[in-house]
Amino acid sequence: MMPQKPRATPCPAQARDEGRVRVRVVAAVVLLLVPLSAFAAEIAGHIDLSAEGKPLRADEAQDAIVYFRPKVPAQAVPITPPQVMSTVRKQFVPRVMATTVGSEVRFPNQDPILHNAFSTSKDNSFDVGLYGQGDGQAVTLAHVGYVRVYCNVHHSMIGHILVLDTPYFVRPDNSGNFRLPDVPAGDGDLVVWHERATPWHAVVTAGDASKPVTVPLELSQRRVAPHMNKFGKPYGRGSDGGY
């Protein structure tokens with residue numbers, strides 16, 4: 001038998017070059033296998049508000065919440081640190097808030113009077129009790145849904161929290177414009193919510209080169225709807241001035 005020739009051993013530089021080529025090939029294959037929805041896109045638009053057929057000021061659209069649910073659901077993780085809904089001059093500030101399921105919201109009091117934030121909303125009810133100035137108590141909102149926040153002392157105080165199962169949400173600017181950057185490319189549900197309107201909904205394609213989305217919203221509901229206190233009873237006379 002003829003003796004076999006020993007196999008040539010590549011030099012270190014050659015081995016490194018071959019390794020880089022293999023990495024590039026693997027990376028290219030991985031990119032080909034990644035679905036289009038994994039790449040970031042943007043959704044932009046404008047909200048036109050009206051009431052009884054008459055246009056309203058654009059800055060009232062700041063109380064809206066715009067959110068996007070991609071066709072392939074994206075995980076929404078709790079927001080940290082806890083978000084804050086303060087009491088300032090007998091008002092919840094901010095009046096409207098969006099958060100993700102499982103997040104905490106704290107209710108500090110910046111007034112020199114007593115407040116009692118509570119909600120009887122399904123699955124997210126809470127009662128932080130009567131409290132004075134200070135950091136206030138935090139509550140965990142463990143379920144998706146709309147949470148109305150009231151004060152058991154002051155009937156006219158109301159806050160709105162939208163608990164979402166998507167991380168893609170934004171509030172419009174004072175011109176009624178909104179922009180959702182870094183959303184997955186592809187189809188999904190775009191929803192515009194406002195406390196005084198029926199939610200607007202459309203299926204849109206994120207990353208589409210079409211014109212910005214125009215959202216018409218008719219505000220037909222009262223700013224402070226009649227409601228009971230946390231005991232399910234009517235507020236007493238002068239309930240907005242006793243504390």
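Predicted model: local features only at pLDDT ≥ 70, side-chain atom pairs only at ≥ 80, totals over all residues.
## A first look at the salt bridges, cores and strands

R57 counts as exposed, because its relative accessibility is 57%.

The partner of R57 is D59: their side chains meet in a salt bridge, with 3.3 Å from N to O. D59 itself counts as partly exposed at 30% relative accessibility. Side chains of opposite charge can pair when their charged atoms come close. How many salt bridges does the count come to? The count comes to 6 salt bridges, and three of them are set out below.

| Salt bridge | N to O distance |
|---|---|
| R179 and E42 | 2.9 Å |
| D59 and R57 | 3.3 Å |
| R171 and D63 | 3.5 Å |

Take the salt bridge between R179 and E42. R179 belongs to strand 15 and E42 to strand 1, so this pair ties together parts that are 137 residues apart in sequence. R179 counts as partly exposed at 49% relative accessibility, and E42 is also partly exposed, with a relative accessible area of 38%.

R171 sits in the loop between strand 14 (169-170) and strand 15, while D63 sits in the loop between strand 2 (54-55) and strand 3, so the pair ties together parts that are 108 residues apart in sequence. Is D63 buried or exposed? At 17% relative accessibility, D63 counts as buried, whereas R171, at 33%, counts as partly exposed.

Now let us turn to the nonpolar residues. In soluble globular proteins, nonpolar side chains tend to be buried together. Here the largest nonpolar core has 24 residues, and I43, I47, F68 and L190 have the most contacts inside it. At least two residues of this core come from each of strand 1 (40-51), strand 3 (65-70), strand 15 (177-184), strand 16 (186-193), strand 17 (200-206) and strand 18 (213-218). A second, separate core has 18 residues, including V105, V128, V139 and I161.

L190 shows what such a position looks like up close. Leaving aside neighbours within four places in sequence, L190 is in contact with residues including I43, F68, W200, A202 and V204.

A hairpin of 6 connecting residues joins strand 16 to strand 17, and the two strands pair in the antiparallel sense over 7 bridges. Within this pairing, H201 in strand 17 is the bridge partner of V191.

Elsewhere, 3 strands form an open sheet with mixed pairing, in the order 4-8-11. Its edge strands are strand 4 (83-84) and strand 11 (138-141), each pairing on one side only. Strand 8 (residues 103-106) pairs with strand 11 in the antiparallel sense over 4 bridges, and E104 stands opposite T140 in strand 11.

One last stop is T100, found in strand 7 (residues 96-100). T100 counts as buried because its relative accessibility is 2%. Which backbone oxygen lies 2.7 Å from a polar atom of the T100 side chain? That oxygen belongs to V77. Neighbours within four places in sequence aside, the contacts of T100 include A76, V77, P78 and I79, as well as V163, L164 and F169.

Notes:
Residues numbered from 1 in each chain as written. Heavy atoms only, no water. Buried < 20%, exposed > 50% of the residue type's maximum accessible area, 1.4 Å probe, protein only. Polar contact = N/O pair within 3.5 Å; in protein donor to acceptor, adjacent residues only side chain to side chain. Contact = heavy atoms within 4.5 Å. Pairing = 2+ DSSP bridges. Core = buried A, V, L, I, M, F, W, Y, C linked by side-chain atoms within 4.5 Å. Salt bridge = Lys/Arg side-chain N within 4 Å of Asp/Glu carboxyl O.
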